[in-house]
Amino acid sequence: MTIEAGQSLTGQPTTVRQAGARRPLGELGRAALGRAGRAALLATGRPLVPDALEPLVRVHREHHPQGDLGLLARAYRLAEASHRGQKRKSGEPYITHPLAVTMILAQLGAGTTTLVASLLHDTVEDTELTLDQVGAGFGPEVAYLVDGVTKLEKVDFGAAAEAETFRKMLVATGDDVRVMVIKLADRLHNMRTIRHMKPASQVRIAKVTRDVLIPLAERLGIQVLKAELEDIVFATLHPEEHARTRALMAGHEAEPDALLEPFARQLARQLAETGVAAEVTVRPRHCVSLHRALLKRSGGPGPDGRPQEPRPADFGRLLVVVEENADCYAVLGELHTCWTPLPGEFKDFVAAPKFNLYQSLHTAVALSGGAVVEVLVRTRRMHAVAETGVVALGDPSPAGAVQDADELDRTDPARPGWLSRLLEWQQETPDPDAFWSALTADLAGDREITVVTESGETLQLRAGATCVDAAYLLGEDTGHRCIGVRVNGRLSALSTVLEDGDLIAVLTETLPAGGGQPSGPAPEWLAHARTPAARLAIERWLADPPARLPAVRTGPAGRRTAQGGTAPAGTAPARRAAPVAVTGRPGATVRLARCCTPVPPDEVSGYPIRGGAVAVHRTGCPAGERMRADGRAALEVRWQPQDAPAPGHRATLRAEALNRPRLLADLTAAISAEGVGIVSAEVEPPQESRVRHTYTVELPEPGALPGLMRAMLRVSGVYDVNRPHAPGLG
C-alpha cells in the first residue's frame, strides 16, 4: 500500500492504492462512487457532511463503515471556524493542513476518534479554542490526543521547547499510542510542503525528522509513512544524490520489466499448480531503499574488478501474500525447491517477529540466468501490520476492557515494550539537552535483538547492546549487583556484545541477610553501556554511591585476641612450642614451609636445612620433592598433640572469582570475620572477567582452616577456594 501525495485537498483527493491490485469487473468509477455514497447517505438518513470533507469520508468508510460521520462533520466545522483567516506559508487556507493530516490517517485506516482529534490537533495551539472546550464538545479521549500533540510554548521553555515537547508527546504516547501516530501524519504533511520553508528551516526540520520521527515510525511499524518521510528527507538533505537515484528509477520504469514481472507470473503458476492460494506482486523499492541497495552493491567491485552497475533486481522485490501461516512455509518450500536459495539470505520473522510486530519470511533465490531476486512472504494480516503497524491493530481498548486475543498481536499496541523502556529512563533525565541526546542515541539503532535468560525470560535490546545493558534491563538492582555473566553457557566479560538469540545468565552478588549495599558498578562500565537506561543508572550510582561499610583492618598488625578483640600492633605474642616434633631430633628448630603452608592434619615430611633446622613441607609439595631429588634424606615428623601449646599456623589460600568492584574488600572482611589475620595478599590481573586472589593467613588454630575456606566461598563471585602447591599442582 502506498499513500499518494497528490495535490492538496482543495483539488484531487488522495487515495489508498494496493500495489499490483486490479479493479474487479463492474466496480464503480471514482465519480460514480462519490455520487452513490452521497445518495446512500441521504437514503439512510445519515447526516450530511461538508463538501470539503467528502473525500475524507469516502476513504474512512472503506475501513470503518460504521464510523460516526456526524462527529467528523462537527469536528471539521469547529476546526474550520477556529482556523478561519489563518494562512499557511504556502498561502493556502490553514484548514487544508488538518484536512490533509486527517486524510493521511484515514488512508492508514485510523478510527473515527483519531480522525476527530486530527482535525482539531492544531486548534488549541494556534487558535482561541481551549482544551476544556474540546473535551466538553468531543469527550476526554479526543482532548487527551489533542493535548498530546500540542506543542509547548517557546515563551515558557525557550530553547528547550522542542525537546520538552517531544518528551511530553512520548509520555502521552505511553498511555495512548495514537498521539504519536497523529504527530507522524502531521510531520508527513509538513514535509510534503517543506519547500515553502526557508532553506535553514528545511535542513533543521529534515534532521529532526531523520533522527527522531523516522525511527519512531519504524518502531510503530508504519512503513508506508516511514518510507515517504525517508524520501523527502533524502531529497532535502542530499538533493544531488536524490536526483541521481530518481533518474535511475525513471529510466528503469521507462523500460519493459524483463525480470521481476515474468518471474512473478512463473511463481504464481507454480503455486497454483501446488494448490497454494497466493497473490504475487512486484513491489518497487522507494528512493531511499534503492539508494541503499546501490550503495551496498557499489561497496565492492564486480567479477571484472570494476564498480558494479545497478541490476534489474535492485529496483524491486516480489511480495507473496497468502491466507494462513502454514501457507507461508509452503511458498518457501516451493521457492527453495524450484530455484536455488542463497545461503544466509533467509530470515524467519514469522516465528520470531520484529520488535515492531513485523512478520514475514525473507529469502533470495538465484534464477537460471544468474539474477538474484528477493522474495517476501506473509499473510494478509501480516501485510496489514507490516504496512501500517500499530494502526492496523485498532484503537487501544479502554482501561479494564478485554481485547480479543490475536496470536499475531505479540505486544500491547497501546504501550510497546521499547516505549515502556524509553519512558523509564526519560523520567530520570530532567535536563532537556541530556534527554534529547539520549533520545536520539536510543533511536539511532534501527534494529533490535532478542536474548533469552537461562530462567526463560525474553529480553529485547537494541543491536550492539552488551551484557551490562542486559543486566540493567532486568532491573536497576540486578545491574548494581551484577558480578559476571554467562553467555551461551560460558563465562564472558561484561563488555561482550550480545547477538540475536544468545542465552544469558546474569550472576549477582548475595547481600547479607541483614541488608546492605551491593558493590555497584565500576566506572569502566560506562564504556560498555549502550542503552540510556543502563548509562543513567550507572551515572547515578557513581555520582552518589550509597554509604559503605567501614573498612576492615587486616594483616599482622591487627591480630585477634581470644575474646575477639584486636591486640595492639606492638604487642608480641608469647613464645610457644613448635607445632611439629622431629623423630630423633628433639628440640630441633622447625620451619613450616611458606610454599605449601602445611597445617594439621596435612601429611608432612621434614628435610634438614642449614643451621640444623628442619623444613616441613606437605607431602607431594614440588619444593620438597626437589629437596629429596637433591639427595636430602626425608625426616619423620609428626604434628604435636592438639592440647600442646602451639603458635599461629600460616596457610596460603587461592580464591578464584569473577572480577567485580570491592571484591578484595569483601574477601578480606570475610577472612577477618573468622578471626584470621592476613599476612600477605596478591591479586593477579583479571583475565576474561576472572581474577585470582592469593592470601597467606595466620590461623588462630589449625581447625579454623575449613571454616575459613567456606566463608571465602560464600563471598559473591567466588567460585573456588583452594590451597596452592597441593599434591600434583606444582
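Me: Which residue in S12 is the bridge partner of Arg486?

Reply: That partner is Leu491. Strands here are DSSP runs of E at least two residues long, while helices are runs of H or I of at least four, both numbered from the N terminus. Two strands pair if DSSP finds at least two bridges between them. Here strand S11 (residues 482-487) and S12 pair in the antiparallel sense over three bridges. Before going on, note that this is a predicted model, where local features need pLDDT of at least 70 and side-chain atom pairs count only at pLDDT 80 or more, while totals for chains, interfaces and linings use all residues. Residues are numbered from 1 along each chain as its sequence is written, and side-chain values use heavy atoms, with hydrogens and water left out.

Me: What is the order of the strands in the open sheet of five?

Reply: The order is S10-S9-S13-S11-S12, with mixed pairing. Strand S10 (458-462) and strand S12 (490-492) stand at the edges with a single partner strand each, so one side of each has no neighbour in the sheet. On average, neighbouring strands of this sheet are turned by 40° against each other, direction ignored; the axes behind such angles are lines fitted to C-alpha atoms, for helices over the stretch in contact, and angles run from 0 to 180 degrees between N-to-C directions.

Me: Where is Asn488 found?

Reply: Asn488 is in the loop between S11 and S12. Its phi is positive, about 55°, although Asn488 is not a glycine.

Me: Is Asn488 buried, partly exposed or exposed?

Reply: Buried means under 20% relative accessible area, exposed over 50%, and partly exposed in between, with a 1.4 Å probe and protein chains only. Asn488 has 47% relative accessibility, so it counts as partly exposed. In the chain of 730 residues, buried residues make up 46%.

Me: How many residues of strand S4 are buried?

Reply: Strand S4 (residues 316-322) is mostly covered, with six of its seven residues buried. Strand S3 (residues 278-284) pairs with S4 in the antiparallel sense over seven bridges, and Val282 has Leu318 in S4 as its bridge partner. With strand S8 (residues 372-379), S4 pairs in the parallel sense over five bridges; Leu319 stands opposite Leu376 in S8.

Me: How many residues does the largest nonpolar core have?

Reply: A nonpolar core is a set of buried Ala, Val, Leu, Ile, Met, Phe, Trp, Tyr and Cys residues joined through side-chain atoms within 4.5 Å. The largest one has 73 residues, and those with the most contacts inside it are Leu105, Leu120, Leu170 and Ile222. Apart from it lies another core of 26 residues, among them Val276, Leu318, Val320 and Leu367.

Me: How many disulfides does the structure hold?

Reply: A disulfide is a pair of cysteine sulfur atoms within 2.5 Å, and this structure holds zero of them. Cys467 is in no disulfide, and its nearest cysteine sulfur, that of Cys482, is 8.0 Å away. Cys467 is buried, at 0% relative accessible area, whereas Cys338 is partly exposed at 35%.

Me: What pLDDT does the chain average?

Reply: pLDDT is the predictor's confidence in each residue, from 0 to 100. The chain averages 78, and 79% of the residues score at least 70. Over residues 398-415 the pLDDT stays under 50, and the model has 31 contacts beyond four places in sequence for them; a contact means heavy atoms within 4.5 Å. Residues 548-576 also stay under 50, with 35 such contacts.
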